[in-house]
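Open the model in your viewer and keep the selection tool at hand. This tour goes stop by stop, with something to select at each one.

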Amino acid sequence: MAVMTSAREAEKTNTSKCMQNRELSWLKFNERVLEEANFSANPPLERLKFISIFCSNLDEFYMIRVGSLTDYLLFAPDYFDNKTGMTAEEQLEAIYNQTSSLFALKDRYFSVVTQDLDHQGLRYIKMNDLPDSECKKVETHFVRNILPLLSPHIIDSRHPFPHMDNKRLYIAVTLGHKNRSVFGLIAIHHTLERIFCPEGSQGYVLMEDIIYHFVHLAFSPYKVNEKTILAVTRNADINTEEDSVMDEDMDYRQFMKKTIKKRQRLAPVRLELQHNISRPFREFLYDKLSLNEKQTFLSSTPLDLSYSFRLEDIAGEKLSKKLDRPLHTPASVSFSEKRMTLMKQVQKKDVLFSYPFENMTPFLEMLRQAAEDPLVLSIKITLYRIDVQSKLAEALIRAAENGKEVIVLMELRARFDEANNIEWSHRLDEAGCQVIYGPPGYKVHSKICLITRKDFGKIQYITQVGTGNYNEKTVKLYTDLSLVTSNQEIGQDASLFFHKLLLGNMDGDYSHLWVAPHSLKKHIIQSIEKERRKAEEGETGQIIIKCNSLTDREIMLKLIEASQSGVKVAMIIRGICCLVPLIPGFTENITVISVVGRFLEHSRIFCFGVGDERKLYISSADLMTRNTEHRVEIACPVLEEDLKQRVYDMLETLLMDNTKAWEQFSDGRYVLRHPFTDMIINSQEMFIDEARVRSLQVLSESEKISNDAEFSSAVKHMVQNIIKSMQSAARFLVKHFWNLVGKGQALFSKLRNK
């Protein structure tokens, strides 16, 4: 134990200056999501949706991360964080404290947003605010249509405390009758419609509020003394790895079906209350749920805000236009020649898609064409998350039915998508696809598709590599890059990759691809080292990294060394960032921003060097140890110069964002950037405009538009030139101004420390 304690203290001493705990860093990210609900520039219904996203994020955080830390307390009491030296108990204590603050902020923002919605014609009605006449009508509805579907329980020696499902809403009560006191519970059934619109009222009531108000009718003849709405969050960090308990005759799909059933039965880790209750009532719940006061959070906000995504239906089309942002329509993607398909285009030149700014349709169409093309021999793909109704999967099924070899790596361990992936694996299997599940111990998170053709007796590869996203639903919400190339060396690498997957052995070297767990981390570290050596020799060293999370300690230490040698490191980290920038002597040459906006920033890009020597990769991998060492990931180079420049321009646009970018300071705080001039730069909105302009340019070149449309295109070209001028000016700011800001911040921190 003494050795463990000294090791922990050593971690604190060596890393506390420039590293922070991943869990607390994630909570800061989720606070940035919540802050979107406080921006008056966002429409009020969109702000309500951001509160809902914040809550669902926090739910998952408690189910997985808090669940894991709770397990550490029981099964690994000597565990400590290798970045800060914090024990599991210390981390949980900090998480509970921060959660309480976030709940208070959430309640405040919810109150403001619902008031704004009310003023504009969409009212959230509390039962106590209804006139008596309207309340009577709701009571009649309750008795006729709701009460028959409820199953109220009393809890005593003959009625044991029931199992409470994860995140289901319940009404809990204390009851009295003839000198007898008992507790009662009602589960709110998922078949009950959450939103109810009272006749004659301009607004809506939530189902749980109705049941809460009339709960005494459900427990008659008992008298209700206390009541609350509550929800329990359970540990959902199930072990999805095969072990000695797996039956020899059970295939992996059967094992996963059995395993995910455990999720609803795991131990509670959090209790949420919507109305305060007495100490004895709380103690009763703590005893039954094995929870305590620190794990309990009181909120005046509804405990399930998922209904917010259905309020457009309640508001109606006209009001929704006032309350919410118009639905984004991705720009159509055309190619330079009339009726040219993606498969033909890519044989001439690589194609890069930027989602959700551009449409996924050409890629889906290419798969459909490949399924029918007699020259196509095989289609191989890795699938992590796909839509419940997936056109991509249907194209694979069609290819198999047409006699193509179709190999699908279906990752059954994609958290919370296991059931959907199991269902699709059945359907693909039955259609004749060869479905595999990846090597033991490694999730396959890579995004790669290989089409193999044989034309004039010669093998030809078409390879697609992405940072996301084969899900036709989330592709409209997440920012991702997708490269489609006929580069035969990359195709040979992809062929070798699938060969390794089929053998269950991921070791191997590739000409172009960086593949985890074998080589990706090694190549990243080598690239950082190369920039460090250049800086030490007096040359310009530059690194730009964009990913969702940075937690890999070994990579962070290398970035610190690079910074100390004078390498300029700019990082765009949406979520967790355990590396603290701008600390004199350690990370003073590192800047970190987090862009939180209309779309979820999801693309991963690694850029090393400057000018003609610049190397740029897109990847499926975040820089987390789980990704670099325990998952199968891919990074692919962007080789064609115009596409490389396009991706680099995207990075610079993100770096100059002064509307949705939060900058991290040396004390770990994130501060929202504000324009220093009249130049307002919202990177995601700029990408929307650029995608539209790019689409119109291609249409103009292919002479497929009318005179009126040509005039429109000319106007768009003018807009594009203005945008380019803005970008050039802003890039000057990025390269020169932000360097000065960073030095000023470092100097300020140094003086403050003194």
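Begin with Lys167, which is buried at a relative accessible area of 18%. Buried means under 20% relative accessible area, exposed over 50%, and partly exposed in between, with a 1.4 Å probe and protein chains only. Before going on, note that this is a predicted model: local features need pLDDT of at least 70, side-chain atom pairs count only at pLDDT 80 or more, and totals for chains, interfaces and linings use all residues. Residues are numbered from 1 along each chain as its sequence is written, and side-chain values use heavy atoms, with hydrogens and water left out.

**Stop 1: two positive phi values**

Stay on Lys167. It sits in the loop between strand 2 (153-155) and strand 3 (169-177). Helices (H or I, at least four residues) and strands (E, at least two) are DSSP runs, numbered from the N terminus. Lys167 is not a glycine, yet its phi is positive, about 65 degrees. Most residues other than glycine have a negative phi, and most peptide bonds are trans.

Now select Phe456. Its phi is also positive, near 55 degrees, and this residue is other than glycine. Look for Phe456 in the loop between strand 15 (448-455) and strand 16 (458-466). Is Phe456 buried or exposed? Phe456 counts as exposed, at 84% relative accessibility.

**Stop 2: two cis peptide bonds**

Select Ser220 and Pro221. The peptide bond between them is cis, with omega near 15 degrees. Pro221 belongs to the loop between helix 7 (215-218) and strand 7 (223-234).

Next, go to Tyr355 and Pro356. They too are joined by a cis peptide bond, with omega about 0 degrees. Pro356 is in the loop between strand 10 (351-355) and helix 13 (361-372).

**Stop 3: helix 13 and helix 14**

Helix 13 and helix 14 (residues 391-401) pack at an angle of about 10 degrees, and their axes are 8 Å apart. Helix 13 is therefore roughly parallel to helix 14. Angles under 35 degrees count as roughly parallel, over 145 as roughly antiparallel, 65 to 115 as roughly perpendicular and the rest as oblique. Axes are lines fitted to C-alpha atoms, for helices over the stretch in contact, and angles run from 0 to 180 degrees between N-to-C directions.

Color Phe363, Leu364, Leu367, Arg368, Ala371 and Glu372 in helix 13; they meet Lys391, Leu392, Ala395, Arg398 and Ala399 in helix 14. By class, the contact of helix 13 with helix 14 has seven nonpolar, no polar and four charged residues. Here Ala, Val, Leu, Ile, Met, Phe, Trp, Tyr, Cys and Pro count as nonpolar, Asp, Glu, Lys and Arg as charged, and the others, Gly among them, as polar.

**Stop 4: helix 2 and helix 4**

Select residues 22-35, helix 2, and residues 88-119, helix 4. Their axes come within 10 Å and cross at roughly 5 degrees. That makes helix 2 roughly parallel to helix 4. Residues in the contact include Leu24, Leu27 and Leu34 of helix 2, and Ile95, Leu102 and Tyr109 of helix 4. The contact of helix 2 with helix 4 has eight nonpolar, two polar and four charged residues.

**Stop 5: Tyr307**

Find Tyr307 in the loop between strand 9 (296-298) and helix 10 (311-315). At 3% relative accessibility, Tyr307 is buried. What does Tyr307 contact, leaving aside its neighbours within four places in sequence? Select Phe110, Arg194, Ile195, Tyr204, Leu206 and Pro302. Contact means heavy atoms within 4.5 Å. Lys49 is 258 residues from Tyr307 in sequence, but 9.1 Å away in space, C-alpha to C-alpha.

**Stop 6: the cores**

Finish with Leu550, Leu559 and Met571. Of the 83 residues in the largest nonpolar core, these three touch the most other members. A nonpolar core is a set of buried Ala, Val, Leu, Ile, Met, Phe, Trp, Tyr and Cys residues joined through side-chain atoms within 4.5 Å. A second, separate core has 47 residues, among them Ile436, Ile448, Met506 and Tyr648.
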